[in-house]
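Hi,

Here's the structure I said I'd pass on.

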Amino acid sequence: MYEVHQIEDQNRSVLERSLDVLWDKADKIVDFISPWDSEKIEKIEFQALWDTKNFYFLFKVYDQNIHIDRKDNSIESIGNSDRVELFFRTNKEMNPYFCLEMDPSNRVMDFKAYPGKKFDFDWTWPKDNLTLKSAINKEFFTVEGQISLSSLKELGVIKDDKMEVGVFRAKFNKSEFEDYKPTWISWIKPNSETPNFHIPSAFGVFQLKND
């Protein structure tokens, strides 16, 4: 279980400011794993906070060889790029669950999903309820975001101050054939012999703490 600590209500979005020193109040998830690949995993940090209006998150991914497919802004292009991912499920059956796949150039692939990898790419996160800000630095990139609590509640994600969440990373490395192959990285070890984030065992629990 990951504890999400509460902060005072913020008056500006993450586009206008960072949570700055407030991130010092957030616990870090750092024990990411790649169960299906022997590639070395660079350091990844994930943090989350909340106030009475929003859920906030921050990925800090150490990577000096970021791969971004820039041919367009399509789902395919984002899907072929280094990215971080948050999945939110509404029940143990994952019927439905909601996915955010975000790359370092501030593009997002948001979609609704159902068991068996049935994806609805026509669905998008409720308008004006999701804000993202990405940045690329010399040694790492960050993806910072805020999601309104009202949208999480309306989607059935928050129940009794808890959310069931998957926290993931896709890292693309150049192969000997000069193409790029993904390494799939997860917070929780999914119970699967092959790469698969779209199963119940890939999710953990976020507890919203009333600090």
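**What I found**

The largest nonpolar core has 45 residues, and Phe46, Phe55, Phe88 and Phe206 have the most contacts inside it. (A core here is a set of buried Ala, Val, Leu, Ile, Met, Phe, Trp, Tyr and Cys residues joined through side-chain atoms within 4.5 Å; buried is under 20% relative accessible area, exposed over 50%, partly exposed in between, with a 1.4 Å probe and protein chains only.) Strand β4 (residues 54-62) gives this core its largest share, six residues; strands are DSSP runs of E, at least two residues, numbered from the N terminus. There's also a second, separate core of 14 residues, including Cys99 and Phe111.

Before you go further: this is a predicted model, with local features needing pLDDT of at least 70 and side-chain atom pairs 80 or more, while totals for chains, interfaces and linings use all residues. Numbering runs from 1 along each chain as its sequence is written, and side-chain values use heavy atoms, without hydrogens or water.

Back to Phe88: beyond its neighbours within four places in sequence, its contacts (heavy atoms within 4.5 Å) include Phe55, Trp125, Met163 and Phe203.

Finally, Phe121 lies in the loop between β8 (118-120) and β9 (130-136) and is partly exposed, at 34%.

Cheers

Key:
Helix = DSSP H or I, 4+ residues; strand = E, 2+ residues; numbered from the N terminus.
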